[in-house]
Amino acid sequence: MTKIRAAITGVHGYVPDYVLTNQELEGMVETSDEWITSRTGIKERRILKGEHQGTSVIGIESCKALLEKTGTDPKEVDLIICATVTPDMPFPATANLIADAIGATNSFSYDMSAACSGFLYALTTGSQFIETGKYKKVLVIGADKMSSIINYKDRTTCIIFGDGGGAVLLEPTTEEFGVMDSILKADGSGAQYLQMPGGGSRMPATVETVQADKHYAMQEGSAVFKFAVTNMADVAAEIMEKNNLTGDDITWLVPHQANKRIIDATARRMEVDENKVMLNIEKYGNTTSGTLPLCLWDYEKQLKKGDNLILAAFGGGFTWGSIYLKWAYDSK
């Protein structure tokens, strides 16, 4: 029997208009442009402004543009998966809100939460529905409005995160393209180093939790950095070894955009030249679930059919993983 694979047949992203620069952050916390740039590689990030503007806005705008550019009728979409840690509300799922807004009336939809690895998890999951032959068109979204859970008095987090994301369309192919392999991992013991403690069933919102800043993302930067440098690099190297790939075989490394030093370490571990590394961290910062689709969107015009891509990410929880992907089309 001919193997069915899930191929990305289109990608589109969305970032808000408002630009939060390092210079503006200098007036909010004790920091400097030089300090932020040298430690993270970030120069600016986008912020979604406006009343009642949630993560669904990012997903809706990305999907509308994606469906238009691929000539896809929203009623043909079978499934929508939205990777996010900043849903519009606990329920209904942000994916449901997106499906309704774009007219995907024949799809079912759900959210997936895996922090910065969310898009990897969702892309792998979406590809399974294609590979079984059950579905023909799957939208996978990675989007976050991180400004909604960031304390702009905490320089360990506010300098890093921004808002944005993107979406890809998955369709079946019997050619040797698409999602070729994936390795996904998790370690819940890392929760203490990167979490948002308030707002869930363990610590519901009260006046006291709000006053204690429990509804913001918190991290121990040095611990997270050490885990991320090791595990993101290792899993990227692992999937290459598993598929008999060398650095010369890789056309692009698509790394999670959390810290330039982590990205550099991953590229060195893979023995991939820096010219093969997708980078947009300086423009957007860390958009959590949104970084990988934003990279694919920014670099789409440089991608060619048959290109070997390694996607790698590391996120709170801890979660991490890597995908080996063969690009399925020449961009117009």
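Because the model is predicted, local features were considered at pLDDT of at least 70 and side-chain atom pairs at pLDDT 80 or more, whereas totals for chains, interfaces and linings use all residues. Residues are numbered from 1 along each chain as its sequence is written, and side-chain values rest on heavy atoms, with hydrogens and water left out.

According to the unreviewed UniProt entry, the annotation "active site" covers Cys 116, His 256 and Asn 286; such annotations may be inferred rather than shown by experiment. Although these positions are spread over 171 residues of sequence, they cluster in space, with a largest C-alpha distance of 8.6 Å. Of these residues, Cys 116 is included in the lining of the largest pocket, a pocket being an open set of points on a 1 Å grid over the protein atoms alone, where a 1.4 Å probe fits, with protein on both sides within 12 Å along at least five of seven lines, and lining residues having an atom within 4 Å of a point.

Cys 116 is located in the loop between strand 5 (108-112) and helix 5, where helices (H or I, at least four residues) and strands (E, at least two) are DSSP runs numbered from the N terminus. With a relative accessible area of 10%, Cys 116 is buried (buried means under 20%, exposed over 50% and partly exposed in between, for a 1.4 Å probe and protein chains only). Leaving aside neighbours within four places in sequence, Cys 116 is in contact (heavy atoms within 4.5 Å) with His 256, Asn 286, Thr 288, Ser 289, Ala 313, Phe 314 and Gly 315. Asn 286, in the loop between helix 10 (281-284) and helix 11 (291-299), is likewise buried, at a relative accessible area of 3%. Not counting residues up to four places away in sequence, the residues that Asn 286 touches include Cys 116, Met 146, Phe 161 and His 256.

Helix 5 (residues 118-131) has 14 residues and reaches 20 Å from its first C-alpha to its last, close to the 20 Å expected, the expected span being 1.5 Å times one less than the number of residues. Since 10 of its 14 residues are buried, helix 5 is largely enclosed by the rest of the structure; among the buried residues are Gly 118, Phe 119, Tyr 121 and Ile 130. Helix 5 is followed by Gly 133, whose phi is positive, near 85°. Strand 1 (residues 5-14) is also largely enclosed by the rest of the structure, because eight of its 10 residues are buried. Nine bridges join strand 1 to strand 7 (residues 163-173), and the two run antiparallel; in strand 7, Pro 172 is the bridge partner of Ala 6.

The structure holds 11 aromatic pairs, for which rings of Phe, Tyr and Trp (its six-membered ring) must have centres within 6.5 Å, with planes under 30 degrees apart counted as stacked, over 60 as edge-to-face and the rest as tilted. Phe 108 and Phe 129 form an edge-to-face pair, at 6.0 Å centre to centre and 70° between the planes. This pair links distant parts of the chain, with Phe 108 in strand 5 and Phe 129 in helix 5, 21 residues apart. Phe 108 is partly exposed at 35% relative accessibility, as is Phe 129 at 22%. Phe 314 and Phe 318 form a tilted pair, at 4.9 Å centre to centre and 45° between the planes; Phe 314 is buried at 5% relative accessibility, and Phe 318 is buried at 1%. One aromatic cluster is formed by Tyr 193, Phe 227, Phe 314, Phe 318 and Trp 320.

Key
Two strands pair if DSSP finds at least two bridges between them.
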